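Please keep the sequence and the structure in view while reading.

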Amino acid sequence: MLLFMNNILILIPDKLRKPMGGMGEQARNLLASFPKDYRFNIIGSADEEQYTEDNYTFYPVMDIKTMNGNPDPICNTFLNQSLFIEKGMSLDIKPDIVHAFDWSTMWAGRILAKHYNVPLVTTVQLSIAKHITDIHPLQSMQHQMACSIEMSGLIESNAIVQVSESYMNLFPSFLKSKTIVIHNGINLNEWIKKDDVVFPGINKTKLVYIGRYAEMKNIQSLLDAKIPNDIDLIFIGNSKGGSEDLFQAMIKYCKDTPNAYYVGEKFGQEKIDWLMSADAVIVPSIHEPFGIVALEALASKSILLSSFVNGMGDFLNEDSAINCGITSESISKAINNFLILYENDKQRMIDNGINICDSHSWVKMAQSLQLVYNEIIKLNND
């Protein structure tokens with residue numbers, strides 16, 4: 001029987017079983033790698049049911065929808081923070097730490113940490129201040145408020161977790177003394193293909209895009225690129241967590257383009273089988289705090305085409321991936337360069353990619369986060 005338990009309350013605007021993006025994937029794998037004397041209570045998306053795993057219980061927030069109209073998404077996020085507070089106060093469990101993932105839970109995290117008189121840890125997943133630069137005038141005040149919530153949360157945090165050195169350096173230097181960089185990770189033991197996927201299309205070479213359909217993912221430039229006729233471009237994912245307009249543009253592109261196909265969303269072993277059956281994976285993002293899908297592409301032993309922006313540039317190099325840039329022209333050139341790669345060059349990239357994955361095990365990343373928790377709990381108890 002465990003004599004001591006560290007109770008961590010996590011606030012995350014995502015699901016863990018079928019996450020919208022890297023945030024939920026990171027949390028699921030980090031927690032699974034923690035020792036058993038930690039207990040996590042996770043408050044997350046209303047799209048998931050309550051369930052319990054070995055060392056955590058997931059609690060969805062209330063599902064309360066606007067009755068009419070089309071609310072501004074930033075304002076909607078402001079309102080949703082109250083749902084995290086309601087759930088956090090209803091659990092009747094006093095945490096040792098409140099850990100808010102993303103700016104969209106930092107306001108709730110501050111209130112709950114004050115309510116329970118415990119330390120606050122924040123993780124910067126996708127900064128509202130750093131990734132949105134073209135603000136519509138009618139949304140300017142909402143964006144300023146969102147940026148204020150993010151910065152106030154970081155200032156009030158006892159510790160800040162950043163997912164890459166590059167992203168950390170975008171923030172004011174006075175925050176660095178309480179900031180630790182913990183990269184996303186990968187579990188190579190899981191990356192074993194169990195089924196050969198039969199891709200749509202008649203071409204032998206398959207290039208995959210997987211992820212959210214958001215502007216920062218640069219779908220617009222990929223759709224404008226010149227895709228050779230002898231390659232099939234496969235799109236994986238759904239419209240959640242992104243732009244419905246971009247998602248529909250991709251659907252139309254697949255209908256209008258003979259060698260482009262949309263195959264829906266893939267999770268777990270099915271995702272592993274699809275990526276490991278592909279010839280290449282493309283991640284052409286224009287903004288990327290870390291880029292967990294790039295790490296997954298390396299683990300799949302497919303050739304990675306990446307823009308190398310932000311956090312991806314911290315762990316990738318041109319010995320492990322092809323730099324596709326962020327323009328439709330550079331993407332087109334990178335795809336053509338991929339098609340003429342010699343087999344020994346492909347194998348060299350694959351081997352270097354696996355070495356990168358080895359240095360990014362989830363166990364190592366969880367150990368780093370455990371040290372943060374231990375130090376914060378010790379300081380709070382002294």
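## Residue I160 and its strand

I160 is placed in strand β7; helices (H or I, at least four residues) and strands (E, at least two) are DSSP runs, numbered from the N terminus. The structure is a predicted model, in which local features need pLDDT of at least 70 and side-chain atom pairs count only at pLDDT 80 or more, while totals for chains, interfaces and linings use all residues. Residues are numbered from 1 along each chain as its sequence is written, and side-chain values use heavy atoms, with hydrogens and water left out.

I160 counts as buried because its relative accessibility is 1%; buried means under 20% relative accessible area, exposed over 50%, and partly exposed in between, with a 1.4 Å probe and protein chains only. Apart from residues up to four places away in sequence, I160 touches T122, V124, L154, L175, K178, T179 and I180, where contact means heavy atoms within 4.5 Å. One of these, V124, is 36 residues from I160 along the chain, and their C-alpha atoms are separated by 7.5 Å.

## The neighbours of strand β7

Strand β7 covers residues 159-162 and is covered on both faces: A159 and V161 are buried on one side, and I160 and Q162 on the other. Two strands pair if DSSP finds at least two bridges between them. Strand β6 (residues 120-124) runs parallel to β7 and is joined to it by four bridges, with V124 opposite Q162. Strand β8 (residues 179-181) also runs parallel to β7, joined by three bridges, and here V161 stands opposite I180.

## Helix α2

Helix α2 spans residues 73-90, 18 residues in total, and reaches 26 Å from its first C-alpha to its last. This is close to the expected 26 Å at 1.5 Å a residue, the expected span being 1.5 Å times one less than the number of residues. At the N-terminal end, D72 caps the helix, with a side-chain oxygen 2.9 Å from the backbone nitrogen of I74. Such a polar contact is a pair of N or O atoms within 3.5 Å; within protein, one must be able to donate a hydrogen and the other to accept it, and residues adjacent in sequence count only if both atoms are side-chain atoms. Just after α2, D92 takes a positive phi of about 60 degrees.

Which residues of α2 are buried? They are I74, T77, Q81, L83, F84, I85, K87 and G88. The elements covering them include β1 (6-11), β2 (38-44), β4 (56-60), α3 (106-116) and α5 (140-156).

## Nonpolar cores

A nonpolar core is a set of buried Ala, Val, Leu, Ile, Met, Phe, Trp, Tyr and Cys residues joined through side-chain atoms within 4.5 Å. The largest one has 63 residues, and I10, F40, I42, F315, L316 and Y373 have the most contacts inside it. Helix α14 (residues 362-381) gives the most to this core, with eight residues. A second, separate core has 33 residues, including L11, I74, A113 and M216.

F315, a member of the largest core, is in contact with F290, G291, A294, L295, L298, I356 and H360, leaving aside neighbours within four places in sequence.

## The six-stranded sheet

Six strands form an open sheet with parallel pairing, in the order β11-β10-β9-β12-β13-β14. β11 (260-262) and β14 (322-323) stand at the edges with a single partner strand each, so one side of each has no neighbour in the sheet. Within the sheet, β9 (residues 205-210) and β10 (residues 231-236) pair over six bridges, and V208 has I234 in β10 as its bridge partner.

Helix α9 lies across β9, β10 and β12 (280-283), at about 140 degrees to β9; axes are lines fitted to C-alpha atoms, for helices over the stretch in contact, and angles run from 0 to 180 degrees between N-to-C directions.

## Residue S277

S277 lies in α9, which spans residues 268-277. S277 is buried, with a relative accessible area of 17%. A polar atom of the S277 side chain lies 3.3 Å from the backbone nitrogen of V197. Beyond residues up to four places away in sequence, S277 touches K193, D195, D196, V197 and F199.
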